[in-house]
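Keep the model open beside you as you read.

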Amino acid sequence: MSFKVAIIGRPNVGKSTLFNRLVGRKIALVDDTPGVTRDRRVHAAKLYDLNFEVIDTAGFETAAAATLQGRMRAQTEIAIREADLIFFMVDSKSGLMPDDKAFADVVRRSGKPVVLVANKAEARGAQGGMLEAWEVGLGEPIAISAEHGLGMPDLRDAVVEALGEARVFADKGEDEDDAMTEVLAGEDVADPDAEPAYDDTKPLRIAVVGRPNAGKSTLINALIDEERLLTGPEAGITRDSISVDWQWRGRLIKLFDTAGMRRKAKVQEKLEKMSVSDGLRAVRFAEIVIVVFDATIPFEKQDLQIADLIVREGRALVLAFNKWDLIENPQETLAELREKTTRLLPQVRGLQAVPVSAETGRGLDKLMDAVLKTHRVWNSRISTGRLNRWLETVVQQNPPPAVAGRRLKVKYITQAKTRPPGFVLACSRPDAMPQSYVRFLVNNLRESFEMPGVPIRMMLRASDNPFAGKAKKRG
């Protein structure tokens, strides 16, 4: 990217709406409630012929540094330092507020080029707010409507004027498609039928989920060794699903922080529903999902429901028992937690469960080792020959039961897809096959081919009858 733009302003002026407009899709949560955005979010953006990175930020608020609003402000100040250009956004519909002038001084002191953006210009009476915007002393306001896409050509021209053509078009010779190759949470992990050998050079997508206040954001900050995400003692700080690029032992990794997921009955507010929906979207299109448990109160009903959801989505699952520094009897507690993991999550036998402490950094390397091990299993592929030799042995030792006086026949098995491993079992009368026998085959398959801790799909199919539909000819 040739340059980076930060969108700055007080709450509810439309920063996230403009961010979504520049990115080209609805990534950031948008609502009429002030202060929806809390963490800063970076993404590739496009404005006509300009390719750049855009940073969505929390609304500037005057507050003490120790408060949540103060920590949000610190994140916004980091975005200002990282940016090459600042979009200072005001609301032309409501007019200039005292905070606008105070925050304009902060932006001016940064010494960065600034484009004054007057949003909501389509509203009735917006002309008065446009004229007031001159008072902040940041030059001519650019009238736009981020929601309706009005004024984008003027915004493009203002960017070129502020940075100069040499800077703006520095990477023009590169393939423009490369500017938008960042992998999104919303892209599917489609696979070919035949997966080659495990490729440890491909970027890995990891979503971090759990109940509110389990320590998800703190865990990601500890992994990347940077105060990248907003954290604190308050529950429910994270709202958007925020992506963070990282490298671990040379492996490119994209981490997705998600909002805490409470029981569905407790989620009443529209904003929380949007946050949870955004988190579920990140889960669906991640490869590995780390479920963060609070080790002091683990295995609440909601923890198990989150884990079951991930299994049903077919994602690879790793458990992180966080806040391990608060546990008084670690050996006894760990043995008890692992026994509960096996008993309460039988659908993914051999699940990797790692005690960690995001505060002290304990167990983070073991957690990442477990993630890569699970990802390798999730990508595993078994040849048809090996599968059928295994099936022949299993069926001889434990043949399928007879149903209605007729014994079921199992013909052959093949792996249809990977991620998660999915198998097709050809048999007579698939509808009559007991689920208990299918579970027996899945568990035996998991043990025989060393596939612990990942969902395994088994699809039953009737074997083709070459004589079906052909009436017997009579002489």
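Start with valine 5, whose bridge partner in E4 is leucine 85. That pair belongs to the parallel pairing of strand E1 (residues 4-8) with E4, which runs over four bridges. Bear in mind as you look around that this is a predicted model.

On to E5: strand E5 (residues 114-119) runs parallel to E4 and is joined to it by six bridges. One of the pairs to look for is methionine 89 with valine 117 in E5. To get from E4 to E5, the chain goes through helix H3 (residues 98-109), and this β-α-β crossover is right-handed.

Now move along the chain to another sheet. Six strands make up an open, mixed sheet, in the order E8-E9-E7-E10-E11-E12. On average, neighbouring strands here are turned by 25 degrees against each other, direction ignored.

Within this sheet, strand E7 (residues 204-210) and strand E10 (residues 288-294) run parallel and are joined by five bridges; alanine 207 has valine 289 of E10 as its bridge partner. Helix H7 (residues 216-224) packs on the sheet, touching E7, E8, E9 and E10, and its direction makes about 160 degrees with that of E9. Helix H10 (residues 330-344) lies across E11 and E12, at about 155 degrees to E12.

What about the interior? The largest nonpolar core has 52 residues, and Ile206, Leu219, Leu255, Phe423 and Met458 have the most contacts inside it. Helix H11 (residues 364-378) supplies the largest share of this core, seven residues. Leucine 219 touches residues including Val208, Ile290, Val292 and Leu367. A second, separate core of 29 residues includes Phe3, Ile7, Ile27 and Phe87.

Finally, zoom out. The protein has 13 helices and 17 strands, and 51% of its 475 residues are buried. Of the contacts with a separation of 6 or more, 71% are between residues 24 or more positions apart.

Technical notes. Residues are numbered from 1 along each chain as its sequence is written. This is a predicted model: local features need pLDDT of at least 70, side-chain atom pairs count only at pLDDT 80 or more; totals for chains, interfaces and linings use all residues. Side-chain values use heavy atoms; hydrogens and water are left out. Two strands pair if DSSP finds at least two bridges between them. Helices (H or I, at least four residues) and strands (E, at least two) are DSSP runs, numbered from the N terminus. Axes are lines fitted to C-alpha atoms, for helices over the stretch in contact, and angles run from 0 to 180 degrees between N-to-C directions. Contact means heavy atoms within 4.5 Å. A nonpolar core is a set of buried Ala, Val, Leu, Ile, Met, Phe, Trp, Tyr and Cys residues joined through side-chain atoms within 4.5 Å. Buried means under 20% relative accessible area, exposed over 50%, partly exposed in between (1.4 Å probe, protein chains only). A crossover is right-handed if, with the strands pointing away from the viewer, the path from the first strand over the helix to the second runs clockwise. Lists of a residue's contacts leave out its neighbours within four places in sequence.
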